[in-house]
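Subject: Structure for your review

Dear colleague,

Please find below the structure that I am handing over to you. My findings on the ligand site and on the helix packing follow it.

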Amino acid sequence: MRLTVIGCGYVGLVTGACLAAAGHEVFCTDIDEKRIALLNAGKVPIYEEHLEEVLNRAVAEKKIFYTSDAGEAIRSGEVIFICVGTPPKESGEADLSAIDHVARQIATEARTQKLVVEKSTVPALTGVQLQKALAAYSAGGSLKFHVASNPEFLREGTAVGDFFHPDRIVVGVEDAGSAAKLREIYAPILERKFHCPIHPGKCPTGTAGELLVTTINSAELIKHASNSFLALKISYANVIADLCEKIGADVEEVTHAMGLDPRIGTQFLKAGLGFGGFCFPKDIQAFIHLSASVGIDFDMLKAAERVNKERIDRLFEKVHKALWVIKGKKVAVLGLAFKANTDDTRFAPALEVIRRLLAEGAEVHATDPEAISHTKRTFPQVQYHEDPYEALSGVDAALVCTEWKIYKNLDWERAGKQMARRLVIDGRNLYSPKKMQELGFDYHSFGRT
Ligand code: UGA
């Protein structure tokens with residue numbers, strides 16, 4: 001099928017690349033002409049594992065095309081996936097101006113009927129507004145637009161794998177024709193008829209994800225309800241961690257045992273610096289806002305948000321206790337990205353950590369395998385090092401902010417010899433307290449004594 005993707009951020013590019021790999025012809029467009037030029041030059045503007053490989057293959061097979069001419073892209077596809085940003089406003093409410101702008105473009109540029117699919121994360125009832133906007137902007141025209149919601153459940157860092165091997169594909173529709181079209185689009189994914197970059201031989205057998213057909217309102221709600229629940233789970237684990245510290249228990253032991261109950265599950269119970277990124281913090285706010293707008297006080301989400309913000313305070317309590325005065329101290333920050341395997345630093349806890357260290361007068365030495373260039377723009381006064389051992393050289397303390405594998409496997413014996421003082425405050429619970437103590441470190445983590 002001929003498909004259009006509007007918005008070439010990580011969701012748009014992963015969606016476009018994977019649908020092209022599934023055999024569709026995909027026309028991608030973005031308001032940012034530089035981004036389109038970069039893509040046409042064979043460069044991928046974001047770091048996402050396997051994405052470059054899948055895109056290059058799609059380009060070689062003439063299955064994906066990039067254009068800055070939105071009209072051309074809109075006219076080329078039968079189904080249009082909206083993948084534009086929905087950032088938070090000051091109030092926490094999602095800013096849907098990009099969706100509105102795209103609706104106007106589609107309504108004015110389309111010459112044939114289109115199925116318009118919301119892929120961007122949007123609050124419930126956006127579909128209703130989108131339908132109205134399409135009708136209003138094409139007033140006088142005879143074209144009928146169908147609207148659907150197809151939320152993405154892609155995690156940054158594993159997004160290509162998540163697209164090819166979904167737990168579920170949710171399609172919220174208002175008519176059977178739209179459901180049939182989306183079923184056809186996703187059939188190669190569900191039947192595993194694509195070249196999988198993750199499993200080059202053959203994908204492991206096992207149940208493929210399920211395609212669920214719902215109403216548009218339900219589909220929109222599913223996305224926010226899922227992300228908010230996961231965020232709640234993380235904050236829950238973090239309160240348990242605080243409790244463990246007070247009463248002398250080990251949060252890893254507690255959450256592991258809790259998670260073995262299949263009703264709870266082991267994932268997203270990792271305590272530490274909490275959640276960041278462009279999804280959980282903004283989605284939780286948008287969900288609180290949406291709930292309030294219909295008279296529901298979702299106060300447990302407010303608590304989850306508060307607990308998450310307080311993670312940085314908890315970290316600094318540990319820093320102050322162990323290091324005492326921060327002013328004039330040389331401090332290494334290991335990890336800048338909001339989580340491992342991405343270069344994304346949006347709402348990354350590490351940035352707030354750096355901001356506070358600088359405010360208290362520390363000399364900050366930061367390292368990250370992928371996110372240095374992004375961070376440099378925000379904090380030019382920090383000294384950056386590609387090599388973590390270099391970052392640790394001569395420091396009074398090391399703060400671990402991202403769970404990168406190279407930090408997990410760091411040779412602390414070697415690092416310790418280079419540090420001015422063997423003090424590690426681990427915001428991601430990467431190391432065994434016992435082993436770190438044996439290596440002579442003053443080691444602090446979350447919820448473990
Ligand atoms: C999240 C969801 O997991 C995806 O399903 C969803 O599609 C995506 O948002 C989205 O809405 O687009 P993502 O933001 O990429 O994906 O990252 P996660 O892997 O969910 O991690 C979020 C944050 O929680 C990270 O900062 C991570 O370090 C933190 N986290 C995660 C914890 O602190 N503890 C955990 O146990 C798990």
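Predicted model: local features only at pLDDT ≥ 70, side-chain atom pairs only at ≥ 80, totals over all residues.

Leu154 takes part through its backbone, with an N or O atom 2.9 Å from an oxygen atom of the ligand. Glu403 takes part through its side chain, where an N or O atom is 3.4 Å from a ligand oxygen.

The surroundings of the ligand may be described as follows. The shell holds 22 residues, of which Glu152, Glu156, Lys223, Asn227 and Lys270 come nearest. By residue class, the shell comprises 10 nonpolar, nine charged and three polar residues. Two elements, helix H9 (216–247) and helix H11 (280–293), each supply two or more residues to the shell. The largest contribution is that of H9, which gives three residues.

Helix H9 also takes part in the packing of helices. Its axis and that of helix H12 (residues 299–323) come within 9 Å and cross at roughly 45°. H9 is therefore oblique to H12, and the crossing of these two helices is left-handed.

H12 packs in turn with helix H13 (residues 349–359), at an angle of about 50° and with the axes 10 Å apart. An angle between 35 and 65 degrees counts as oblique, so H12 and H13 are oblique to each other. The crossing of H12 and H13 is right-handed, whereas that of H9 and H12 is left-handed.

Yours sincerely

Key. Residues numbered from 1 in each chain as written. Heavy atoms only, no water. Near = heavy atom within 4 Å. Polar contact = N/O pair within 3.5 Å; in protein donor to acceptor, adjacent residues only side chain to side chain. Helix = DSSP H or I, 4+ residues; strand = E, 2+ residues; numbered from the N terminus. Nonpolar A, V, L, I, M, F, W, Y, C, P; charged D, E, K, R; others polar. Axes fitted to C-alpha atoms, helices over the stretch in contact; angles between N-to-C directions. Parallel < 35°, antiparallel > 145°, perpendicular 65-115°, else oblique. Left-handed = near helix turned anticlockwise from the far one by under 90°.
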